[in-house]
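Here are a few exercises to work through with the model open in your viewer. Try each task before you read its solution.

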Amino acid sequence: MTNLKSLACIVVSLLVCGCQNNTNNSSSIDESSINEISSSSEEVSSSEIEKEKISVVLLAGQSNMVGTTSWEYLVDDENYEEYRMGYSDILIAYDGICRFRPVKLTIGGQNPSMFGPEIGMASELSYNFYNDKVVFIKYAVGGTRLNPADIDVSWTPPIDGNKPGGLYKIFTNFVHNALETLSERYEVSLDAMCWMQGESDCDTTAMANKYEYYLENFVNCLREEFKEYNSDFAFIDAYISQFWGSGSLYKIVNKAKYNLTLKDSNHYIIDTIENGLTYNKEPLSAPDYCHYDSQSEILLGRLFARKYMELFPLS
């Protein structure tokens, strides 16, 4: 997991960059990157053409969303070559950089040897003909909480008269910049957000007991934040594994997630436990219990994609 003291320094640096981007009202994406996500090669202004529609899915959370699973265990998978070559018509911008690139192994994870759930998502969406219809915007940081115990490196929303957490600010700045970049050429719809987080909020019973409160406000604040693109986008959550928390703290966090599906008709749950996702097999020499095994990380992405397709079927 990411060392939080080091992460605090990273957050400060990224906040400075984020503020500079907002001040200049500019994006780091260049013309070639815009062309990469466009089906047209003609250099015409957006006012001269009818904008095509594009759907956006946000990906956020902590390390199981970042992607800390090694793809070396996928080499015998029948789809390995597909994952390696990537999906030229399903693109992703990640880590705060407004450059959209094809989803594939070696990008998007914690480092080039690791991968996140976007691989399984892209594979499932591509197989079901969602090519050229959906793009991902991803920002995730390992070892982070919704709880404001360490506000500079938390996802805490701006509530109770308090300032937002450092990650909340970085994430919303990045998403705003990415959506504005897409809007230059497309009619953008923010369809959904996929959330894989909660493990670090199991550190104490007090944190776990507050998870529902912070998550509910987190979702509400984000919908207000991005209301220009959709004020009620679908929030697709996922249960954390049984490994987390002393005793049964993971159950408190997962119950909080479930409770919000009862309060919010557009809040959904991926049941990672019922679907058999494993975390105790890889690496072979010393399993990393904090993170999903390679096939389970692929399955996590497929489950996110299946829920998305159920909510947004092709016409």
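**Exercise 1: helices on the sheet**

Helix 6 (residues 166-183) lies across strand 1 (52-61), strand 3, strand 6 (134-140) and strand 7 (186-196), and runs at about 160° to strand 6. Helices (H or I, at least four residues) and strands (E, at least two) are DSSP runs, numbered from the N terminus. Angles run from 0 to 180 degrees between N-to-C directions, with axes fitted to C-alpha atoms, for helices over the stretch in contact.

A word on sources: this is a predicted model, where local features need pLDDT of at least 70, side-chain atom pairs count only at pLDDT 80 or more, and totals for chains, interfaces and linings use all residues. Residues are numbered from 1 along each chain as its sequence is written, and side-chain values use heavy atoms, leaving out hydrogens and water.

Task: find which strands helix 8 touches.

Solution: helix 8 packs on the sheet against strand 7, strand 8 (234-238) and strand 9, and its direction makes about 145° with that of strand 9. Contact means heavy atoms within 4.5 Å.

**Exercise 2: strand order**

Task: work out the order of the strands in the open sheet.

Solution: step one, the seven strands run 4-3-6-1-7-8-9, with mixed pairing; a pair needs at least two DSSP bridges. Step two, strand 4 (101-103) and strand 9 (267-270) are the edges, each pairing on one side only. Step three, strand 3 (residues 87-94) and strand 4 run antiparallel, joined by three bridges, and L91 sits opposite P102 in strand 4.
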